[in-house]
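Please read the points below with the model open beside you. They cover helix packing, a pocket and some backbone geometry.

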Amino acid sequence: MERRQLEYFVAIVEHGGFTHAAKALRVAQPSLSRAIAKLEHELDVELFHRVGRNAVLSSAGQLMADRARLVLRDLDAMRAAARAVGDGLVGRVDVAATSSSALEPVISIIAELRERHPGVLVSTSSALSAAEVVAMVLQGRCEAGVCGSAERPSGQGLVAHHLRDEEFLLVAPPGTSLGGGASDGTVGWQDLEGMRFVVTKPATAVRALFDRLAASVSEVSIAAEVGDRSVVLPMVLRGIGAGLMPDGWADLARRAGAEVHRFSPPERLPQWLVHRSGPITAATQAFLDTTLARPA
């Protein structure tokens, strides 16, 4: 079994077929087909069911997909370790993050890592939830992940480090007056009675907070529901409704003109750094070290 065969196999899985994978890899499709046929012969299993021009993963192929990604990651780790001896720290680390975590702390981590190790490239992938971040790491699609979760993320071979507790804030349209707000600018849930909100779709931590709020405060309603959390702040600024946002958005929201309030008592969610146990690249280790060295 050759590395090239595994790379071809993973490319077919991720690009949804032989044709798109061949284009992405810039190889002739017959060469790709021969490599996979050879791999299937060596393994003595059928990895794909050929249905017309389509290729559908077989049960054996489904079992092998994640393992192939992990093997490729481990090979990259060994190669990067060998290169680092002679060339200094270089390489790439793929990081999965929810949108709030991508804003903070991932942006700050990348900035610090760039100063210390300019040869390390960080590539981020967005995820809608902590569960998706964990899945991307366990499947080998990313080497590390940052997410918010009330419970410690878990999974076979997963390592989770608590980073800090991010705080949820009320972000309201410019000029919004909250008559019941405290003198220190904090608000309680009852101060939000009758307000309309721009919310994310279910299965996110922010939506779970809104659902608890709506169940406890009368006349709280949804003005808009979005799949892309990056549009919540622009909608708030247009006056469509208020939003519940993690503290990483606070400076940006204030500079844009939104009214930003903390809750009393605070609404917080643990934030985690996750990665797989076992071999990791020097670039990934640098990312982990930089992240864990930050103050809580």
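1. A crossing of two helices is called left-handed if the near helix is turned anticlockwise from the far one by less than a right angle, and right-handed if clockwise. By that convention the crossing of α5 and α10 is right-handed, and α2 likewise passes α3 in a right-handed crossing.

2. This is a predicted model, in which local features need pLDDT of at least 70 and side-chain atom pairs count only at pLDDT 80 or more, while totals for chains, interfaces and linings use all residues. Residues are numbered from 1 along each chain as its sequence is written, and side-chain values use heavy atoms, with hydrogens and water left out. Helices (H or I, at least four residues) and strands (E, at least two) are DSSP runs, numbered from the N terminus.

3. Helix α5 (residues 99-116) packs against helix α10 (residues 282-292) at an angle of about 120°, with the axes 10 Å apart. Axes are lines fitted to C-alpha atoms, for helices over the stretch in contact, and angles run from 0 to 180 degrees between N-to-C directions. α5 and α10 are therefore oblique to each other; angles under 35 degrees count as roughly parallel, over 145 as roughly antiparallel, 65 to 115 as roughly perpendicular and the rest as oblique.

4. Ile 109, Glu 112, Leu 113 and Arg 116 are the α5 residues that meet Ala 286, Phe 287, Thr 290 and Thr 291 of α10, contact meaning heavy atoms within 4.5 Å. By class, the residues of this contact are four nonpolar, two polar and two charged. Ala, Val, Leu, Ile, Met, Phe, Trp, Tyr, Cys and Pro count as nonpolar, Asp, Glu, Lys and Arg as charged, and the others, Gly among them, as polar.

5. Helix α3 (residues 29-43) has contacts with α1 and with α2. The angle between α1 and α3 is about 110°, with axes 9 Å apart, and the two are therefore roughly perpendicular. On the α1 side the residues are Arg 4, Gln 5, Tyr 8, Phe 9 and Ile 12; they meet Leu 32, Ala 35, Ile 36, Lys 38, Leu 39 and Glu 42 in α3. This contact has seven nonpolar, one polar and three charged residues.

6. The axes of α2 and α3 come within 9 Å and cross at roughly 110°. α2 and α3 are therefore roughly perpendicular to each other. Phe 18, Thr 19, Ala 21, Ala 22 and Leu 25 in α2 meet Gln 29, Leu 32, Ser 33 and Ile 36 in α3. Six of these residues are nonpolar, three are polar and none is charged.

7. What lines the largest pocket? Its volume is about 720 Å³, and of its 26 lining residues the closest to the centre are Arg 3, Arg 73, Asp 76, Arg 92 and Asp 94. A pocket, on a 1 Å grid over the protein atoms alone, is an open set of points where a 1.4 Å probe fits, with protein on both sides within 12 Å along at least five of seven lines; lining residues have an atom within 4 Å of a point. Grid points are joined across faces, edges and corners, and a volume is the space filled by probe spheres set on the points. α4 gives the largest share of the lining, seven residues. The lining divides into nine nonpolar, five polar and twelve charged residues.

8. Please check the backbone at these sites. The peptide bond from Glu 104 to Pro 105 is cis, with omega near 20°, and Pro 105 is in helix α5. Ser 264 and Pro 265 are also joined by a cis peptide bond, with omega about 0°; Pro 265 lies in strand β10 (residues 259-276). Arg 26, in the loop between α2 and α3, has a positive phi near 60°.
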